[in-house]
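This briefing covers one protein chain, from overall form down to single residues. The points are grouped by topic.

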Amino acid sequence: MLRREGGFVTVEYLVAVALSLVVLVVIANFVVWEYGRGVVGSAVDEGARAGSRAPAPEASQLHSCEQSADQELADLLGGANGSMGSGVSISCSRLGNQLVATADAHFAAWLPAMPGWTFTTRATAIVEPSG
């Protein structure tokens, strides 16, 4: 005598599809985070370069550094209004003949059960002598 168990395959299929979609979202989230990390690294590099080439005084160099880095973030992450750019803060400082751009970033996770990603990156450039 055969029993009908046709409905059980549907449940297995739905669970497998749901788990596959969760894995896909997690992988996509990691890819977007890596893109964001590259953008933040590029922004601090560009900020340090721009600030090191700016003419003295030091306040002008720091302003140029932060403005250039913020522009890079605005172009590639949507700036302070973008979903990823809002979690990034960039500061510039001068240490001797070096200009240091530092970014503190936090990217939120797409799924509630997954933790966000927080990191710090910095770039250094030698300040070019004026004249």
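**Overview**

The accessible surface of the protein chain comes to about 8,400 Å², and carbon and sulfur atoms account for 60% of it. The model is predicted. Two helices and three strands make up the secondary structure of the protein chain, and their order along the sequence is α-α-β-β-β. The radius of gyration is 23 Å, well over the 14 Å that the globule rule gives for 131 residues, so the protein chain is more spread out than a compact globule.

**Overall form and composition of contacts**

- Along the principal axes, the C-alpha atoms of the protein chain fill a box of roughly 95 × 25 × 20 Å.
- Buried residues make up 31% of the 131 residues in the protein chain.
- Taking contacts between residues at least 6 apart in sequence, 58% join residues at least 24 apart.

**Disulfide**

- One disulfide is found in a search of the whole structure.
- The disulfide joins C65 to C92, with an S to S distance of 2.0 Å.
- C65 lies in helix α2 (residues 58–77) and C92 in strand β1 (residues 88–95), so the bond ties together parts that are 27 residues apart in sequence.
- The torsion about the S-S bond of C65 and C92 is about -70°, so the disulfide is left-handed.
- C65 has 0% relative accessibility and counts as buried.
- C92 has a relative accessible area of 11% and is buried because this falls under the 20% cut-off.

- The peptide bond from A56 to P57 is cis, and its omega is near 15°.
- In general, most peptide bonds are trans.
- P57 is placed in the loop between α1 (6–53) and α2.

**Serines of helix α2**

- S60 is found in helix α2.
- With 30% relative accessibility, S60 counts as partly exposed, because that category lies between the 20% and 50% cut-offs.
- Not counting residues up to four places away in sequence, S60 touches A54 and P55.
- S68 is also a residue of helix α2.
- The relative accessible area of S68 is 17%, so S68 is buried under the 20% cut-off.
- Not counting residues up to four places away in sequence, S68 touches E46, G47 and A50.
- S68 and A50 are 18 residues apart along the chain, and their C-alpha atoms are separated by 6.6 Å.

**L99 in strand β2**

- Strand β2 (residues 98–107) holds L99.
- L99 counts as buried, at 0% relative accessibility.
- Leaving aside neighbours within four places in sequence, the contacts of L99 include G47, A48, G51 and S52.
- Further contacts of L99, under that condition, include Q61, L62 and C65.
- Also in contact with L99 are S93, A123, T124, A125 and V127.
- C65, one of these contacts, is a partner in the disulfide with C92.
- L99 and D70 are 29 residues apart in sequence, and their C-alpha atoms are 16 Å apart in space.

**P112 in the loop between β2 and β3**

- P112 lies in the loop between β2 and β3 (117–126).
- P112 has 86% relative accessibility and counts as exposed, because this is over the 50% cut-off.
- P112 and A56 are 56 residues apart along the chain, and their C-alpha atoms are separated by 48 Å.

Definitions and conventions. Residues numbered from 1 in each chain as written. Predicted model: local features only at pLDDT ≥ 70, side-chain atom pairs only at ≥ 80, totals over all residues. Heavy atoms only, no water. Helix = DSSP H or I, 4+ residues; strand = E, 2+ residues; numbered from the N terminus. Rg over C-alpha atoms; globule rule 2.2 N^0.38 Å. Buried < 20%, exposed > 50% of the residue type's maximum accessible area, 1.4 Å probe, protein only. Contact = heavy atoms within 4.5 Å. Areas by Shrake-Rupley, 256 points an atom, 1.4 Å probe, with all protein chains shown as cover. Disulfide = S-S within 2.5 Å.
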